[in-house]
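Thanks, everyone. Let me take you through one chain this morning. Please have the viewer open.

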Amino acid sequence: MLTFLDIVPPTKLQNHALVLLLNKFNWTEICVVSDDSSYARPLVEDLYQHSELFKIVSIVKYSRLDDSFITSLSSVMTKVRVFVLFCTHSNGNTVLNHATKLGLTKREFVWIVGETLVKSNGVVPGNYMIL
């Protein structure tokens, strides 16, 4: 009998790795984009505990991916180049599609995504490659 277990690292370890990544590349200002899922909430809350090392310029939190979400996301694009996305896989696909339409997935922008967005083939929704 075959068994498959998807082991997810604890929130604190995920964010510790995120903080190390931000520090490594000297990214001092970020925008956090998240839904209100049970996955995203603790990650965003824990990230605040580390915010003395970087500035959270904006948090774009959404319950619906509508025009107000697009307006919020577009208002951040002149302020920050690094986005941290915590959400479910299906919402992530929609967020990244909106970001692409706004020009936020060009080379000058960085998107750091949570593990729920990464598929086993190493590609996030919309076929954005993981570098």
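One definition before we start. A residue counts as buried under 20% relative accessible area and exposed over 50%, and partly exposed in between. Take Asp36. Its relative accessible area is 44%, so Asp36 is partly exposed. Keep that residue in mind; we will come back to it.

A caution: this is a predicted model.

Now the overall picture. The chain has 131 residues, and 37% of them count as buried. Look at contacts with a separation of 6 or more. Of these, 76% come from residues 24 or more positions apart.

Next, the fold. We have four helices and six strands. Along the sequence the pattern reads α-β-α-β-α-β-α-β-β-β.

Four of the strands make an open sheet, with parallel pairing and the order S2-S1-S3-S4. At the edges sit S2 and S4, residues 110–113, each pairing on one side only. From one strand to the next, the twist averages 25°.

Go to the pairing of S1 with S3, residues 82–86. These two run parallel over four bridges. Which residue stands opposite Val84 in S3? That is Val32.

Side chains of opposite charge can pair when their charged atoms come close. How many salt bridges does the structure hold? Two.

One joins Arg41 and Asp36, with the closest N and O atoms 3.2 Å apart. Arg41 is partly exposed, at 33% relative accessibility.

The other joins Asp36 and Lys61, at 3.8 Å from N to O. The cut-off is 4 Å, so this pair counts as a salt bridge. Asp36 lies in the loop between S1, residues 29–34, and H2, residues 40–49. Lys61 belongs to S2, residues 55–61.

Through shared partners, Asp36, Arg41 and Lys61 join into one network.

That is my tour. Comments, please.

Notes. Residues numbered from 1 in each chain as written. Predicted model: local features only at pLDDT ≥ 70, side-chain atom pairs only at ≥ 80, totals over all residues. Heavy atoms only, no water. Buried < 20%, exposed > 50% of the residue type's maximum accessible area, 1.4 Å probe, protein only. Contact = heavy atoms within 4.5 Å. Salt bridge = Lys/Arg side-chain N within 4 Å of Asp/Glu carboxyl O. Pairing = 2+ DSSP bridges. Axes fitted to C-alpha atoms, helices over the stretch in contact; angles between N-to-C directions.
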